Amino acid sequence: MLRDITAILVHYTNQTVLHKALASLETITSRLESIIVLQKRGHPLHGSHQTHSFPPISYITIEGDDTGETLNQAVTGIHSSYVLFLHETDYLSPTIHVDSLQISQQATVLGTCNHNQNSTSHHPLLVRTSFLKQQPFFSTFQLPFKEAFFPAWLSTIEYSIICFKEDLVRQMRKNTSTTTLEKQKIMQKYQLEKANTNHPSLSVVISTYNMENYVETAVASCLLQNEQPDQLLIIDDGSTDNSYRRLQRWNDREGVMVLTKYNGGKARALNELLPHVTSEFILELDADDWLDPDAVSVIKKHLSNLPEDIAVLYGNLKKWKQSRGEIFYKGVAKGRLVKGRDDLLAYRFPLGPRIYRTSSLKMGGGFPVTSFENGRMYEDVSVLNRLLKNARFWYHDFSIYNVREHPESITKNNVSNWNDFIKILK
């Protein structure tokens with residue numbers, strides 16, 4: 001039989017688990033041309049198989065901790081017709097037969113399902129190599145966590161060219177931590193049917209300053225929606241890192257605009273974007289946060305019945321903690337009704353996600369540039385305080401916005417300034 005498959009093993013961190021995955025490939029050795037194992041720098045793993053028919057194994061170090069870019073580079077050198085992917089704790093099912101790995105003539109991807117308690121996520125198992133070279137994987141810096149790597153990529157593929165089969169892959173162990181289960185819920189949303197409703201139009205605005213490690217995750221989360229926002233407007237506020245260079249790669253996407261300006265603070269940056277907004281509502285997304293894949297469709301459903309005197313719609317915040325390259329789920333910060341300034345200033349955390357009625361925001365003069373820190377902090381509270389004078393806010397119990405807590409956060413590093421800010425606001 002023709003050796004037409006290259007197997008690639010990704011995100012294995014345990015020697016025993018890797019050995020199990022490699023051993024499971026023995027069933028299909030007659031079709032294996034080669035095996036590639038992607039491993040993190042400083043964490044070498046090795047597996048040995050002595051049978052003369054087993055193909056050679058190449059170990060490739062993930063450069064710059066970027067699995068996507070390393071994998072895309074590896075794919076360019078593959079000459080077999082198909083690539084088979086196993087990841088984390090996957091191994092091929094003992095019941096699999098060499099002829100089980102077939103893609104119909106009309107399809108391009110053979111997919112499989114990973115089950116974890118009450119959720120299921122889809123992953124590519126076998127992909128035509130020619131298609132992979134045209135449809136590269138996301139960079140690690142464009143995804144909220146490494147587990148989303150394959151489900152996010154699969155969500156960009158036309159459903160009609162994917163065929164799914166059960167019981168081709170198994171997992172050695174299933175992690176049931178709160179973080180894992182929450183990640184699984186998000187990954188399941190990548191599979192939602194694409195939508196295009198007649199609900200009120202919605203734009204997403206992002207202002208970024210020195211957030212090169214996170215801002216592409218925010219951007220990609222907008223473009224991985226099951227219902228696309230009407231506009232995605234991004235402005236770099238004079239970053240001194242590589243943020244603007246990273247953002248420029250998105251500028252040719254339909255509906256996306258990337259601008260840059262001298263550093264003047266978030267309020268000024270968002271005001272630069274306002275004239276470009278053509279939608280009825282605006283969702284403000286912080287550069288270090290990200291959206292669930294169904295955020296736009298959920299928000300639009302709530303907007304469709306919003307009373308006309310409501311200037312801001314908001315809900316709950318899902319909170320995550322960034323630590324040593326990993327992200328951990330902390331829980332949901334439930335919103336509550338804000339009727340006036342006292343409620344706003346007593347709010348336990350930033351009110352969000354903030355969805356503004358565009359006309360209210362523009363008529364109010366945009367985001368106030370206060371005298372406090374020259375308008376560089378608490379622009380969210382300043383604009384909400386202004387809008388509350390002439391309009392109401394509306395709370396709904398929905399959780400589609402993810403807040404990332406990390407050491408570089410401006411607000412986190414300036415908690416002591418809050419009392420001084422309130423004095424000026426009053």
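Trp320 counts as buried, because its relative accessibility is 0%, where buried means under 20% relative accessible area, exposed means over 50% and partly exposed lies in between (1.4 Å probe, protein chains only). This is a predicted model, in which local features need pLDDT of at least 70 and side-chain atom pairs count only at pLDDT 80 or more, whereas totals for chains, interfaces and linings use all residues. Residues are numbered from 1 along each chain as its sequence is written, and side-chain values use heavy atoms, with hydrogens and water left out.

The structure holds 15 aromatic pairs, a pair being two rings of Phe, Tyr or Trp (its six-membered ring) with centres within 6.5 Å, called stacked if the planes are under 30 degrees apart, edge-to-face if over 60 and tilted for the rest. The rings of Phe149 and Phe150 have planes at 80° and centres 5.0 Å apart, so this pair is edge-to-face. The rings of Trp290 and Trp320, with centres 5.5 Å apart and planes at 50°, form a tilted pair. This Trp pair links distant parts of the chain, since Trp290 belongs to strand S14 (residues 290-291) and Trp320 to strand S16 (residues 317-323), 30 residues apart; strands (E, at least two residues) and helices (H or I, at least four) are DSSP runs, numbered from the N terminus. Ring pairs also join Phe85, Phe131, Phe137, Phe149, Phe150 and Trp153 into a cluster.

| Residue | Relative accessibility | Class |
|---|---|---|
| Phe149 | 2% | buried |
| Phe150 | 2% | buried |
| Trp290 | 1% | buried |

Charged side chains also meet rings, where a charge sits over a ring if NZ of Lys or CZ of Arg is within 6 Å of the ring centre and within 35 degrees of the ring normal. The charged end of Arg246 lies over the ring of Phe141, 4.7 Å from its centre, and that of Lys261 lies over the ring of Tyr262, 4.2 Å from its centre.

With a disulfide taken as a pair of cysteine sulfur atoms within 2.5 Å, the count is zero disulfides. Cys113 is in no disulfide, and the nearest cysteine sulfur, that of Cys163, is 11 Å away. Cys113 is buried at 11% relative accessibility, and Cys222 is buried at 0%.

For the whole protein chain, there are 13 helices and 20 strands, and buried residues make up 58% of its 426 residues. The C-alpha atoms fill a box of roughly 80 × 45 × 40 Å along the principal axes.
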